[in-house]
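Trainee: I would like to learn how to read a protein model step by step. Could you walk me through one?

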Amino acid sequence: MGAGNRTWHAYLSTQAADGKPAVNARDRIGKGPWQNAKGTAVAKDVDELHGANNLTKQTDLTEKGDVVNGRGDTPNKHDALTGTAPDGRAFPPGDDKTCHNWTSSTQGSAIVGHIDRQGIGDDEAAHSWNSSHPSRGPEGGCSQADLRSTGGAGLFYCFAAN
């Protein structure tokens with residue numbers, strides 16, 4: 001299905017640093033409504049997106065309409081980079097949650113969400129599409145190898161902002 005003439009924005013927050021203000025992922029992506037690559041509605045507006053949305057393994061599709069491998073699939077690729085709190089806002093400065101505002105592949109860590117909304121536990125974070133846990137790994141958490149080691153592939157969400 002063609003997406004038409006749209007402006008796409010990554011769902012990524014940045015933290016305040018070096019005199020620059022934080023950027024909230026929820027403020028970058030427009031007002032909605034949003035549909036996936038196959039035309040299925042996932043959220044009517046920003047509030048629904050950060051509440052009772054329709055993002056599941058079956059609806060959280062790639063730009064080509066493919067399902068992303070999740071827990072139980074090989075390889076698991078369900079970690080999506082967001083750097084974002086559950087409400088879609090940036091974390092306060094200090095503890096790095098964005099791989100140095102998306103400039104480092106070696107230092108820091110990034111908050112990830114679960115595309116399939118499945119985790120090890122049965123808590124809210126395990127089922128969060130945008131704020132499950134920090135990336136981690138032997139190289140620090142931001143390298144491609146680190147992202148793969150915990151169920152990621154460097155994927156992120158994109159939303160049509162208009």
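Trainee: Let's begin with the sheet of four strands. In what order do the strands lie?

Mentor: The general idea is that strands of a sheet pair through backbone hydrogen bonds, in either a parallel or an antiparallel way. Keep in mind that this is a predicted model. Here the four strands form an open sheet in the order β6-β5-β4-β7, and the pairing is mixed.

Trainee: Which strands stand at the edges?

Mentor: Those are β6 (133-134) and β7 (152-156). Each has a single partner strand, so one side of each is left without a neighbour in the sheet.

Trainee: How do β4 and β7 run, and how many bridges join them?

Mentor: They run parallel, with three bridges between them. To find one of these strands' pairings on screen, look for L81: its bridge partner in β7 is F156.

Trainee: Let's step back. How many helices and strands does the protein have?

Mentor: There are four helices and eight strands. Reading from the N terminus, the elements follow the pattern β-α-β-β-α-β-α-β-β-α-β-β. The radius of gyration is 15 Å, close to the 15 Å given by the globule rule for 162 residues, so the protein is as compact as a globular protein of that length. Its C-alpha trace spans about 40 × 40 × 30 Å along the principal axes.

Trainee: What share of the residues counts as buried?

Mentor: Of the 162 residues, 42% count as buried.

Trainee: What N to O distance does the salt bridge between D73 and K57 have?

Mentor: The distance there is 2.5 Å. Both D73 and K57 lie in the loop between α2 and β4 (79-81), so this pair ties together parts that are 16 residues apart in sequence. D73 is partly exposed, at 29% relative accessibility.

Trainee: And which residue meets D87 in a salt bridge?

Mentor: That is R89, with 3.3 Å from N to O. D87 is partly exposed at 33% relative accessibility, and R89 is partly exposed at 37%.

Trainee: Let's finish with a single residue. Where is V23 placed?

Mentor: Look in the loop between β1 (8-10) and α1. V23 is partly exposed, with a relative accessible area of 32%.

Trainee: Which residues is V23 in contact with, leaving aside its neighbours within four places in sequence?

Mentor: They are S13, T14, R28 and A90. As an exercise in judging distance, find G121 too: it is 98 residues from V23 along the chain, and their C-alpha atoms are separated by 30 Å.

Terms used
Residues are numbered from 1 along each chain as its sequence is written. This is a predicted model: local features need pLDDT of at least 70, side-chain atom pairs count only at pLDDT 80 or more; totals for chains, interfaces and linings use all residues. Side-chain values use heavy atoms; hydrogens and water are left out. A salt bridge is a side-chain nitrogen of Lys or Arg within 4 Å of a carboxyl oxygen of Asp or Glu. Helices (H or I, at least four residues) and strands (E, at least two) are DSSP runs, numbered from the N terminus. Buried means under 20% relative accessible area, exposed over 50%, partly exposed in between (1.4 Å probe, protein chains only). Two strands pair if DSSP finds at least two bridges between them. The radius of gyration is taken over C-alpha atoms; the globule rule is 2.2 Å times the number of residues to the power 0.38. Contact means heavy atoms within 4.5 Å.
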